[in-house]
Amino acid sequence: MKATYKALTIAAMILAATFAAGAADSTSLPSLYGNAAAKADDSLTIEEMLTYAAQDEYLARGEYEAIMGKFGVARPFSNIMRSEETHLDLLKAAFSTYGLAFPSDASKAYLHVPSTLKEAFETGVKAEIDNIAMYEKFLATSIVKDPANTYLKTLFTNLMKASENHLRSFQTQLAKY
């Protein structure tokens, strides 16, 4: 009986510690992530722009992967998801260029998986519109306009153009509904 009580007490303590750690993790997450955080930030730095961009690419990749899993569809999500991987590689190189640590993927806490395939395409359209707006905001900053930062200007321009292509792809699919 004492052994059972002791085992239950230890199990309860482990469960409580696990719950407390999980609660601490969820409260330590920022309320805004990716393009939403960029939109709310009025004093962007190079590190913040690169971080928001990486977060947004992580989020898109995660959402498209979840959509493919839920609905059993591949295109255009699979092609665009591969593009997001390329975008993350480009951003990793930029972090390295600036001597910054590349952020880990915390996007799972922010994922939204739509209820229907039509809603999935609508989600794709909105995500790409928001992504484009984020890159437009970055390109309008004095930091990126500075001739010393042509690398950033080229990076953000190319990422924005890719999002414009993704947007057209999602709009084409949505038009079928």
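Modeller: Buried here means under 20% relative accessible area, exposed means over 50%, and partly exposed is in between (1.4 Å probe, protein chains only). Before we go on, keep in mind that this is a predicted model, where local features need pLDDT of at least 70, side-chain atom pairs count only at pLDDT 80 or more, and totals for chains, interfaces and linings use all residues. Residues are numbered from 1 along each chain as its sequence is written, and side-chain values use heavy atoms, with hydrogens and water left out.

Now the ring pairs. Rings of Phe, Tyr and Trp (its six-membered ring) pair if their centres lie within 6.5 Å; planes under 30 degrees apart are stacked, over 60 edge-to-face, and the rest tilted. That rule gives 12 aromatic pairs. In one of them, Phe77 and Phe170 have ring centres 5.4 Å apart and planes at 45 degrees, so we call the pair tilted. It ties together distant parts of the chain, since Phe77 belongs to helix α4 and Phe170 to helix α7, 93 residues apart. Phe77 is buried too, at 0% relative accessibility. Ring pairs also join Phe77 and Phe170 with Tyr64, Phe121 and Tyr177 in a cluster.

Another pair involves Phe95 and Phe102: it is edge-to-face, with 5.2 Å from centre to centre and 90 degrees between the planes. Phe95 is buried at 0% relative accessibility, while Phe102 is partly exposed at 24%.

What about the helix itself? Helices are DSSP runs (H or I, at least four residues; strands are E, at least two), numbered from the N terminus. Helix α4 covers residues 77-97, which is 21 residues. The expected span is 1.5 Å times one less than the number of residues. For α4 that gives 30 Å, and the end C-alpha atoms are 30 Å apart, so the two agree. Just after the helix, Gly99 has a positive phi of about 65 degrees.

Now look at the helix's buried residues, which include Phe77, Ile80, Met81, Glu84, His87, Leu88, Leu91 and Phe95. An α-helix has 3.6 residues a turn, so residues three or four places apart point the same way. The buried residues of α4 pack against α3 (46-71), α5 (117-139) and α7 (150-174).

Leaving out residues up to four places away in sequence, Glu57 touches Glu84, His87, Leu88 and Leu91, among others; contact means heavy atoms within 4.5 Å. Glu57 is buried yet has no salt bridge, with the nearest side chain of opposite charge, Arg61, 8.9 Å away. A salt bridge needs a side-chain nitrogen of Lys or Arg within 4 Å of a carboxyl oxygen of Asp or Glu; Lys and Arg count as positive, Asp and Glu as negative, and His and the chain ends aren't counted.

Finally, zoom out. A nonpolar core is a set of buried Ala, Val, Leu, Ile, Met, Phe, Trp, Tyr and Cys residues joined through side-chain atoms within 4.5 Å. The largest one has 41 residues, and Phe77 is among those with the most contacts inside it. Elements giving two or more residues to this core are α2 (35-40), α3, α4, α5 and α7. Of these, α3 gives the largest share, 12 residues.
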